[in-house]
Structures are given as C-alpha cells and as structure tokens.
Amino acid sequence: MQLLQQRADTSPNLPNIKFLDSFFFNTLRDRGLVQASARFKGVDIHNLDFIIVPHNNNFHWNLIVADLNSHSIVLFDSLYNDKSAYEALSVFKSFLTGFLE
C-alpha cells in the first residue's frame, strides 16, 4: 500500500488517492471517528478522488473503495456475505458522512 500511495502522491496525472492501512477499519469500528481521522492528518479529503481501505473480516480480505467524485462506495468481496458486507459499508459510510461534515 505504501508503494501505491507513493506513486499516487508523485504522479500528477493520476487521480488523488488515499490508501489506508489494514488497521484503519478496526480502529474506526472499535475506537471511533476521532481516532480513525488521525490517519488523514495533513490530507485535504475534499481534494481526493478515491479512498481505498483493505478490510479483514474473520480471516477473509475484502476491499472498500470510496469514489468521492461519484459519491459511491464499492465493496469488493470474493465471498459476498450480505451481513458482513452491509456492516462494513455501513461503518465506512458513517465515517465518511461524519468526516466530510
């Protein structure tokens, strides 16, 4: 993820992307908005095109991608599970709503 973030930061022709680490989602869920927001220190979220968050749910990985230009959130999950997908999207949507206010 660090290499992808580095490339996004140094290539002006690419979209503005914030790649978050795999601990972000658990921090958000367990500790709340204030603690999770620390990952955005020095980042103007209004200038971002995408936010990408890897998420581990019971030893299964999925990927949350927020497209801030189209106001959409997509969860990529090879083992789609309605309940866990809904929970992940709901938690992340609450974060974005609270953080963008």
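Two rings of Phe, Tyr or Trp count as a pair if their centres lie within 6.5 Å. By that rule, ring pairs tie Phe24, Phe40, Phe92 and Phe95 into a cluster. Bear in mind that this is a predicted model. Here's a quick tour of the aromatics, then the sheet.

**Aromatic pairs**

- The structure has five aromatic pairs.
- Take Phe24 and Phe40: their ring centres sit 6.3 Å apart with the planes at 80°, so this pair is edge-to-face, given that the cut-off for that label is over 60 degrees.

**Burial of the rings**

- Phe24 has 0% relative accessibility, so it counts as buried.
- Phe40 is buried too, with a relative accessible area of 3%.
- Phe95 comes in at 2% relative accessibility and is likewise buried.

**The sheet**

- Four strands make an open sheet in the order E1-E2-E3-E4, and the pairing is mixed.
- At the edges you'll find strand E1 (17-19) and strand E4 (72-76), each pairing on one side only.
- From one strand to the next, the twist averages 20°.
- Strand E3 (residues 60-67) runs antiparallel to E4, and the two pair over five bridges.
- Within that pairing, Val65 has Val74 in E4 as its bridge partner.

Definitions and conventions. Residues are numbered from 1 along each chain as its sequence is written. This is a predicted model: local features need pLDDT of at least 70, side-chain atom pairs count only at pLDDT 80 or more; totals for chains, interfaces and linings use all residues. Side-chain values use heavy atoms; hydrogens and water are left out. Two strands pair if DSSP finds at least two bridges between them. Axes are lines fitted to C-alpha atoms, for helices over the stretch in contact, and angles run from 0 to 180 degrees between N-to-C directions. Rings of Phe, Tyr and Trp (its six-membered ring) pair if their centres lie within 6.5 Å; planes under 30 degrees apart count as stacked, over 60 as edge-to-face and the rest as tilted. Buried means under 20% relative accessible area, exposed over 50%, partly exposed in between (1.4 Å probe, protein chains only).
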